[in-house]
Amino acid sequence: MDQRSPAVSKVTVPVILERKLRGEKITCLAAYDYSFGRLVDEADIDMILVGDSLAQVVLGYDSTVPVTVEEILHHVKAVRRAVRRSLLIADLPYGAYHVDDEQALASAIRFLKEGGAEAVKLEGGRVRAQRVRKLVQAEIPVVGHIGLTPQSVHALGGYRVQGRTLDSATELLADAEALEEAGAFAIVLEGIPRELAALITRRLRIPTIGIGAGPECDGQVLVLHDLLGLSFQPAAKFVRHYANLRETIHGALTRFRADVAQGSYPADHESYHWPPEVCRQFEKETTRST
Ligand code: KIV
């Protein structure tokens with residue numbers, strides 16, 4: 001059943017910017033398909049990110065590096081069909097914007113035109129500022145992403161908290177300011193100390209969306225599967241499990257297997273039946289032929 005009221009008040013980029021001015025927190029979840037997209041939308045979460053975390057969470061890759069534009073696009077389309085209120089953001093995967101501005105534009109345009117996304121996200125700070133400017137000039141809203149950027153796992157040497165020293169914190173602050181200056185409308189801060197995230201949040205006019213970056217960010221993003229306890233990877237320190245769906249699903253599947261094995265599923269009320277006149281005809285036929 002559709003839980004959504006007919007008068008949905010659509011979340012747009014200006015609405016997100018306004019939230020920062022009003023000091024109202026922003027919620028965002030990474031989700032990847034129609035059913036979860038609907039649940040997230042119906043729960044009035046402000047933004048849905050079809051993140052490249054899709055690679056590990058849904059497609060079973062080791063990192064986010066291998067996932068392609070085609071794979072993410074397929075999922076963006078599914079979420080698009082589900083979402084009415086939330087702002088839909090598509091993640092540009094590794095390799096889809098690293099070659100040059102034209103490649104970045106072509107990739108982002110596909111997500112908007114074919115996928116129905118309303119914004120794109122890309123990783124990197126000052127080194128990506130020019131790309132962000134180009135996309136914004138083409139009317140494409142952009143979310144930046146700095147700190148622990150999973151697409152740089154090989155360059156970073158693993159998934160490590162970033163910005164722990166004053167020098168690296170200063171670099172990240174400069175990255176955030178460059179992205180804002182280039183026209184990004186929000187920035188994901190991932191895996192950085194709370195104190196640094198608070199400083200960046202105070203310095204920027206655009207909202208910061210934290211993941212492992214403490215409570216002072218303007219908003220928070222999590223991977224939906226982590227929040228629901230549906231992931232197969234060890235949870236990071238910042239993940240709060242609001243449910244344990246792995247356990248729930250395992251229990252349900254185990255009961256189904258047992259019910260089928262002992263013949264208690266399906267029951268009579270879960271079966272279709274002949275209408276009474278067909279039953280009578282059948283009985284007549286079988287008595288005649290015996
Ligand atoms: O891919 C993703 O899900 C993300 C968020 C966790 C920020 O980039």
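Predicted model: local features only at pLDDT ≥ 70, side-chain atom pairs only at ≥ 80, totals over all residues.
Residues are numbered from 1 along each chain as its sequence is written, and side-chain values use heavy atoms, with hydrogens and water left out.

Helices (H or I, at least four residues) and strands (E, at least two) are DSSP runs numbered from the N terminus. Helix 8 covers residues 166-182, and its 17 residues should span 24 Å at 1.5 Å a residue, which agrees with the 24 Å between its end C-alpha atoms; the expected span is 1.5 Å times one less than the number of residues. Just after helix 8, glycine 183 takes a positive phi of about 110°.

Two packed helices are described by the angle between their axes and the distance between the axes. The axes are lines fitted to C-alpha atoms, for helices over the stretch in contact, and the angles run from 0 to 180 degrees between N-to-C directions. Helix 6 and helix 8 pack at an angle of about 20°, with their axes 8 Å apart, and are therefore roughly parallel to each other; angles under 35 degrees count as roughly parallel, over 145 as roughly antiparallel, 65 to 115 as roughly perpendicular and the rest as oblique. The crossing of helix 6 past helix 8 is right-handed, a term used if the near helix is turned clockwise from the far one by less than a right angle, with anticlockwise being left-handed. In this contact, Ala129, Val132, Arg133 and Val136 of helix 6 meet Ala178, Leu179, Glu181 and Ala182 of helix 8. By class, the contact has six nonpolar, no polar and two charged residues, where Ala, Val, Leu, Ile, Met, Phe, Trp, Tyr, Cys and Pro count as nonpolar, Asp, Glu, Lys and Arg as charged, and the others, Gly among them, as polar.

Helix 6 (residues 129-137) also packs with helix 5 (residues 101-113), their axes coming within 9 Å and crossing at roughly 50°, which makes helix 5 oblique to helix 6. Here too the crossing is right-handed. Asp101, Ala104, Leu105 and Ala108 in helix 5 meet Gln130, Arg131, Lys134 and Leu135 in helix 6, and the residues of this contact divide into four nonpolar, one polar and three charged.

Glutamate 139, in the loop between helix 6 and strand 5, has a positive phi near 65° although it is not glycine, and it counts as exposed (over 50%) at 64% relative accessibility. The loop between helix 11 (245-261) and helix 12 (276-289) holds serine 264, which is partly exposed with a relative accessible area of 37%. Proline 266 is found in the loop between helix 11 and helix 12, and the peptide bond from tyrosine 265 to proline 266 is cis, with omega near -5°.

Terms used: Contact = heavy atoms within 4.5 Å. Buried < 20%, exposed > 50% of the residue type's maximum accessible area, 1.4 Å probe, protein only.
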